[in-house]
Each structure stands twice: as C-alpha cells, then as structure tokens.
Amino acid sequence: EDETAARDFLVRMARGDELGVHLRRHRRYCVRLPLSWRTFGSVLMIDGVAADLSTGGLLITTRAAAPPVGEQVALRLRTPQQDLVVTGEVRHRRARKSDSAFGVQFLYRSSGEQRRLRGLLRAFAARGVVILERS
C-alpha cells in the first residue's frame, strides 16, 4: 500500500504515458547503509538507512518523523571502509505506514567530503552495486 503511487507511475511509464520525466543528474547506487542523522541545532542522533545514494544526495528511511523540507541535516554514513560525515538539505519527504522517508541534497563543506563520497561510490561501482542509471 505504501508504494501505490510508485507502482502507478511505473505502469504509466511502461505504457508510454509519462513522457515528461525528470532526468537525474547523478548516477544513483541502490544501497542499504546504516546511518545516523540529526537536524542542525540538535544533538540527538536518529538512526536510519541510506538508499539510492549518489554524489548529489540520498534517500533516508527512518522510524522517526522526517524533518521539514528545507531543514539542514548532518549525516554519518556507516560503511565497511569508514564512516562518512556529510551535511545536506531536505528536499522532499513522505510518511509511510511504518516509517518515513526523505530525500537529502548534499551541501559539501569541503572538497574532502565530496572526494571521500566519490571514492565510496567508485568502490560500489567496481562491485557492481549500480542498478539505476541516468536515462
């Protein structure tokens, strides 16, 4: 039930009815990485899971309520190689039955953050993790 809108969209795409589709600028990687996040000004870290990771941002699923659109968040991605700390801005959100999801666009504070993320994504690509390409 939570994915009814996504299913309907995909059916319209398959029929050729959805021609004005937004094309993504960055290659997305389908991942399930544990992370912690917090809103700016808060010290409370909240657990979540990262999905659809790219150099531009990611989708977070969490049991907590999603922060409002426009809110800045700090993220700590837990990867097998290293923890990656980045900041971003909430661009969209949706409540689902048992959790919530929100999209974050990264706001890089240093070239080092972006370089570490690109290295992580290259490692994913080398292992064949990429499943979603730009159209």
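W37 is buried, with a relative accessible area of 2% (buried means under 20%, exposed over 50% and partly exposed in between, using a 1.4 Å probe and protein chains only). This is a predicted model, where local features need pLDDT of at least 70, side-chain atom pairs count only at pLDDT 80 or more, and totals for chains, interfaces and linings use all residues. Residues are numbered from 1 along each chain as its sequence is written, and side-chain values use heavy atoms, leaving out hydrogens and water.

**The aromatic pair**
- Searching the whole structure turns up one aromatic pair (ring centres within 6.5 Å, taking the six-membered ring of Trp; planes under 30 degrees apart are stacked, over 60 edge-to-face, the rest tilted).
- The ring centres of W37 and F102 lie 5.0 Å apart with planes at 70 degrees, so this pair is edge-to-face.
- W37 sits in strand β2 and F102 in strand β7, 65 residues apart (strands are DSSP E runs of at least two residues, helices H or I runs of at least four, numbered from the N terminus).
- F102 is buried too, at a relative accessible area of 0%.

**The barrel**
- Six strands form a closed barrel in the order β2-β3-β4-β7-β6-β5, with antiparallel pairing (a pair needs at least two DSSP bridges).
- Between β4 and β7 there are six bridges, and L58 has V104 in β7 as its bridge partner.

**The nonpolar core**
- The largest nonpolar core holds 23 residues, and L58 and F124 are among those with the most contacts inside it (buried Ala, Val, Leu, Ile, Met, Phe, Trp, Tyr and Cys joined through side-chain atoms within 4.5 Å).
- Helix α2 supplies the largest share of this core, four residues.
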